[in-house]
Amino acid sequence: MAVAHKEVLHIIRDARAVYMALGLPVVMLMLFGYGISQDVDRIPMSVVDQDRTPASRRMSEALVAGGDFVREPDLASPDDAETALRSGRVKAVLLVPRGFERDLARGVPAAAQLLVDGSDGTTATVALGDAAGILQATSSERAVRASLSAGPRVRVRFNPTMRSTYNMVSGVIVLILAMVASLLSSLTIAREWEQGSMEQLFATPVSRSQIIVGKLIPYTGLGFVQTLLVITVGSYMFGVPIRGSLVTLFGCSMLFLLAMLGTGLIASVIAKSQLVAVQFALMTSYMPVAMISGFMFPIANMPKWLQAISMVVPGRYYLTTLRGVLLKGNGIDVLARDAITLAGFASALLVIAVWRFRRRLA
Amino acid sequence: MSEDVSIRVKALTKRFDAFVAVDDVSFEVKKGEIFGYLGANGAGKSTTIRILCGLLPVSSGDAEVAGVDVVHKPNAVRHAIGYMSQKFSLYLDLTVAENLEFFGGAYDLFGQTFRTRRDAVMHDLALETLSRELTGSLPGGLRQRLALACALLHEPQVVFLDEPTAGVDPDARRTFWRLIRRLADEGTTIFVTTHYMDEAEYCDRVGLMVAGKLAALDTPEGLKRTFVPGRIYEVQGAMIGEVQKSAADLALLDIEPFGAALHVRVAKDGPDAEKLRSEFTGRGVHVTSVIDAEVTLEDVFLRVVGGAEKTGRAPKEAKGS
């Protein structure tokens, strides 16, 4: 395939394309994975220990041991705690009053306090939630355990520690593939229009579908490498498990990739200018994936009409399969419907791209 | 279509909305002929070429290229034609060899067949030493030769060249036309547009486009005889106003500024240069010299366009020239 070979050369010659295809995904993954973690851990916490007993030490150690809190230098008085919170040096202060161990031994409700900086809403909520469990366990072990055992027990399956990184990384994989695939492919045909080489190409016996397929092959290959890269990074750096089959994973990834390449090609075919094509591609692939695929905001929380729109976002189905394979270890038996939907999108979009691609100039 | 006709165009018309780019044009081009299409920008030259290459649908009329009806079967003609579009449109980020390889592949040339043809065109167009150069780093003349090489790889019967020498230096232009002549001598039909009048002299026949119409069509000599009959003199050192005053007395057919001088035309049996000079001097018109001048296609072009303007068909500026 002459077109495919030429396209490979274009990609190799264009440092930007290589960076965009292979560098950008890693950078994005780092940003989202590290920077935009919704997990709150390592909350800086100081302790005002006025009891100084084994019980009070046990309590502060329990908080730090969980990894959610980091021990900052101790403070002398509750007034110091107020100052530290105001200055933002710490986000939480544990106050253990005199007589804490004694009260505990007597079975009197022990009055230890955790002061949390509420101006950072997310941190505060998480800190409170985390601490409540730990504090209850250490302060009034018997009573609490009794009451808990009677109530419903909540167990989180597939992601027991509720690591948002897992969700984030799988979402970012979808986002990256959507963005890079549609972006790169949107440029390729528009560039030929802009440079006038399309006219030259049309005067040769090369057919429309040959041009489209020729452009698809190298970008699919590139996308495959990208998928590999992103999943490897996700799994090594962020410990995202791969519980299902790699074949299913890559199969679905390829289908999604083709759908995104198709979107980009349609943009490219219609727009005839690189700038417009890129914007069109971002609007039709990146934005829907980011907003309504279920990556950032749960689909179930959306208004009905938005849920309906999300039905035609291929990213939604890919995200389901990706999370299914990575976290749940789902096989193709469970994911067949999503996979078929993806295949449907891919072929429909590519057919539209070829159909809209006019061989003639006007 | 008879054996020796390569291009046949009949009542061809192309409209873009209200604008008529090509207006009821008919002509034939023989095999091995260099057919020049001359005209101002927007006169419909490129539109005609694009139609003949099957790149634009027509509004009405018929067009056959290499025996293929390009109006109804535009895709069937592609193996038979080579096309070099106006905008230089090879891939600048590929090397010379890679561009050739791509277009070879596009024309279904592979393996030994391709290598033989590649070596042949590279030899013919003196590109051998450049195969590893990036196309973007080449000067205009070489790019143009490479574009021609790409258009010739598959040994087309008809080659369409749309302003092939635009932006190319005079030396490279001469080399280019030598190559064109050789191709034609080997039996390839050449259809070339240009707005360089001197280049049109290289053509076997020239069609003159004015505002979408084919205003004239003949050999360069024939055009000159028809449109600029008689003799032309170059008159130096005279004021055009003074010369015009004695135009009627001396039976001057035409007075045109030509650089710093004037071109003055008289009938075939009119006065010779020496006679004309003494006539001017006798009438008190100051001239420094009167010498014989060649009729050029530029004179023809000005006459034809001038004639068209008088009948109200001025060439319009238009897109998609």
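**Exercise 1. Find which residue of β9(B) stands opposite B:Gly36, and work out how the strands around it pair.**

Step 1. Start at B:Gly36: the residue facing it is B:Val206 in β9(B). Strands here are DSSP runs of E with at least two residues, helices are runs of H or I with at least four, and both are numbered from the N terminus. This is a predicted model, in which local features need pLDDT of at least 70 and side-chain atom pairs count only at pLDDT 80 or more, while totals for chains, interfaces and linings use all residues. Residues are numbered from 1 along each chain as its sequence is written, and chains are lettered from A and ligands numbered from 1 in the order in which they are written.

Step 2. Now widen the view to the strands. β3 (residues 34-39) of chain B pairs with β9(B) in the parallel sense, over five bridges. Two strands count as paired if DSSP finds at least two bridges between them.

Step 3. Look at the other partners. β3(B) also runs parallel to β8 (residues 189-194) of chain B, again over five bridges, and there B:Tyr37 stands opposite B:Thr193. β9(B), for its part, is joined antiparallel to β10 (residues 213-218) of chain B by five bridges, with B:Gly207 opposite B:Leu217.

Step 4. Check the turn. β9(B) and β10(B) make a hairpin with two residues between them, and B:Ala211 in that turn has a positive phi of about 50 degrees.

**Exercise 2. Is β9(B) largely enclosed or left open? Then place it in its sheet.**

Step 1. Count buried residues. A residue is buried if 20 or more other C-beta atoms lie within 10 Å of its own, exposed if 12 or fewer, and partly exposed in between, with C-beta atoms placed from the backbone. In β9 (residues 205-210) of chain B, five of the six residues are buried, so the strand is largely enclosed by the rest of the structure.

Step 2. Write down the sheet. It's an open one of six strands in chain B, ordered β6-β7-β8-β3-β9-β10, with mixed pairing. β6(B) and β10(B) are the edge strands; each has a single partner, so one side of each has no neighbour in the sheet. On average, neighbouring strands are turned by 15 degrees against each other, direction ignored.

Step 3. α4 (residues 140-152) of chain B lies across β6 and β7 of chain B, at about 160 degrees to β6(B). α5(B) packs on the sheet too, touching β3, β7 and β8 of chain B, and its direction makes about 150 degrees with that of β8(B). Axes are lines fitted to C-alpha atoms, for helices over the stretch in contact, and angles run from 0 to 180 degrees between N-to-C directions.

**Exercise 3. Which helix gives the largest share of the side of chain B that touches chain A?**

Step 1. Get the totals: 23 residues of chain B are in contact with 20 of chain A, where contact means C-beta atoms, placed from the backbone, within 7 Å.

Step 2. Pick out the elements. β6 (81-84) and α2 (96-106) of chain B each supply at least two residues. The largest share, five residues, comes from α2(B).

Step 3. Sort by class: this side of chain B has 13 nonpolar, four polar and six charged residues. Ala, Val, Leu, Ile, Met, Phe, Trp, Tyr, Cys and Pro count as nonpolar, Asp, Glu, Lys and Arg as charged, and the others, Gly among them, as polar.

Conventions. Contact = placed C-beta atoms within 7 Å.
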